[in-house]
Amino acid sequence: MKKILVANRGEIALRVMRSAKEMGIATVAVFSEADRNAPFVKYADEAICIGPAPSNQSYLKGDVIIEVCKKLGVDGIHPGYGFLSENAGFARKVKEAGLTFIGPNPESIEVMGSKLAAKAAARKYNIPMVPGTEDAIADPEQAKRVATEVGLPILIKASAGGGGKGMRIVENMEELEEQMNRAISEAQNAFGDGSVFIERYVAGPRHIEIQVLADTHGNIVHLFERECSIQRRHQKVVEEAPSAVLTPELRAAMGASAVDVARSCNYVGAGTVEFLVDENLNYYFLEMNTRLQVEHPVTEMITGVDLVKEQIRIARGERLSFAQEDLKINGHALEIRVYAEDPLNNFLPDIGTLQTYQRPSGPGVRVDDGFEEGMSIPIFYDPMISKLITHAKNRDEAIARMVRAIDDYKITGVQTTLKFCRWAIQQDAFTSGKFDTHFVKQYFTPEVLKEEMPKEEVVAALMAAALFGKQKATAVISQQQPKNSNWRRARLD
Ligand code: MV4
């Protein structure tokens, strides 16, 4: 593989190109008109504009991207995350064009894209799963029988969903039929597939995922877990590795299960197996993400493995150069996602120009970003500015280092989630490790950020929020707009 095209933008495009460069591989960027001056475009050996700003006219144009590959003599395509990364049809077309898709086979993407098919595949390997239905369900009477059997509350999930899309909680039998019918019609509208299934609702779970790598020779290893329970409306806020709650035994068991899930769909490449872990440390398989994830750096920090390089080596047909026994956890890593969003105003995207943009640095600090000072954040895509990652010899030091790095990070011109993250990682519930997926809902109100900010700033921000309350309401509604809305955040994880 001599030349790779990165079918993505922003920090992840840059991240992928850096590893390619270290491997002596030339890089091609494709970009939209909104990204003309972006660092990833300048960094690439060659760069081609593929269309206007909206993703469906640029980054989602698979056929155009394949044409660029043919023209420029590209060998392989790295899809990053989001956009075309989990599009089985695209992966298939890439293959048919004689190019290498740096990712799993289209068949694996397809199986894991259907949550029912994923669970059916995993069932053959005795992976622990939440009790519920094995097939799609549409008959309300049957649904009531299942609900009685597994016990209320239950969750109705869309098979074509994932990442929390199309999920509905049902607390009592009276609302079951209506909720199910709504879930079916929503799933039909959103995904073109109205299949839904039922699971018992796990009340206060942690979200823990396992990174796997699989080569084309049947070797599969896991690279331990990432704790992703600190999230807000299915948007991850803080990720860490390792998890504060896993024992070595549980880690080994979940790792073995994750490897089996990968095996169950003939997986090749880097993938992530998501689990719920309940308060008694029972774990349940949820779904598998068939791409490189946003939060992959924390795994890189604690294992010393460059996941992008491994993806490329695997795509070249090489064998994994290490076995499970060779992998060890070294220290502790944290990642926070820095968004151009206003935590004092319901996390509304606050796009604008990065008037000041000074990164933190120093020992154990990594910043994965795609912006420079003076650039404006396009309204067309996810408003993530960067990922701030710290690594230290233990969890307490990684947290202290993160607080320091946040304080050293100077961003003006847009509101960011920096102070929200600073608050989160200093909560007793976080520092003690005793938290679950309800952390933000449980503890966060805009007022808690008072301590994180100078007083005048709080007053001004809260007043602005109150004054523009009406505007805010409109914007919230537009955030809930369907698929093609620019504000609808690409579901990354
Ligand atoms: C669940 C659950 C409780 N019980 N399934 C949300 C994302 C999708 N991957 C699955 N999700 C959940 N599935 C059962 N049976 C709770 C969630 C959930 C969640 C999971 C992980 C991280 C954050 C979450 C936030 C709300 C709900």
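## Strands around the ligand

Four strands each supply at least two residues of the shell around the ligand: β6 (154-158), β8 (196-200), β12 (269-277) and β13 (283-289). The model described here is a predicted one.

The shell can also be described by domain. Domain 2 (131-200) and domain 3 (206-490) each give at least three residues to the shell around the ligand. Sorted by class, that shell has seven nonpolar, six polar and five charged residues.

## Contacts with the ligand

Which residues come nearest to the ligand? Of the 18 residues around the ligand, these are K157, E199, R200, V202 and E287.

For R200, a polar backbone atom is 2.8 Å from a nitrogen atom of the ligand. V202 likewise uses a polar backbone atom, with a distance of 2.9 Å to a nitrogen atom of the ligand. In E287 the atom belongs to the side chain: a polar atom there lies 3.1 Å from a ligand nitrogen. The ligand taken alone exposes 520 Å², and the protein buries 92% of that area.

## Aromatic residues

The structure holds 16 aromatic pairs. One aromatic cluster is formed by F347, F420, W423, F430, F435, F439, Y443 and F444.

F435, a member of that cluster, also has a charged residue over its ring: R206 lies over the face of F435, 4.3 Å from the ring centre. A second case involves a lysine. K21 lies over the face of Y43, at 4.3 Å from the ring centre.

## Backbone features in loops

Where does the cis peptide bond that involves P153 occur? It joins L152 and P153, and its omega is about -5 degrees. P153 lies in the loop between α7 (140-150) and β6, and β6 is one of the strands that supply residues to the ligand shell.

Another cis peptide bond runs from A241 to P242, with omega near -5 degrees. P242 is placed in the loop between β11 (235-241) and α9 (248-264).

F83 shows another backbone feature. Its phi is near 40 degrees, which is a positive value in a residue other than glycine. F83 is found in the loop between β4 (76-78) and α4 (88-96).

How values were computed
Residues are numbered from 1 along each chain as its sequence is written. This is a predicted model: local features need pLDDT of at least 70, side-chain atom pairs count only at pLDDT 80 or more; totals for chains, interfaces and linings use all residues. Side-chain values use heavy atoms; hydrogens and water are left out. A residue is near a molecule or strand if one of its heavy atoms lies within 4 Å of it. A polar contact is a pair of N or O atoms within 3.5 Å; within protein, one must be able to donate a hydrogen and the other to accept it, and residues adjacent in sequence count only if both atoms are side-chain atoms. Accessible areas come from the Shrake-Rupley method with a 1.4 Å probe; for residues, only the protein chains shown count as cover. Ala, Val, Leu, Ile, Met, Phe, Trp, Tyr, Cys and Pro count as nonpolar, Asp, Glu, Lys and Arg as charged, and the others, Gly among them, as polar. Domain bounds come from an automatic or database domain assignment. Rings of Phe, Tyr and Trp (its six-membered ring) pair if their centres lie within 6.5 Å; planes under 30 degrees apart count as stacked, over 60 as edge-to-face and the rest as tilted. A charge sits over a ring if NZ of Lys or CZ of Arg is within 6 Å of the ring centre and within 35 degrees of the ring normal.
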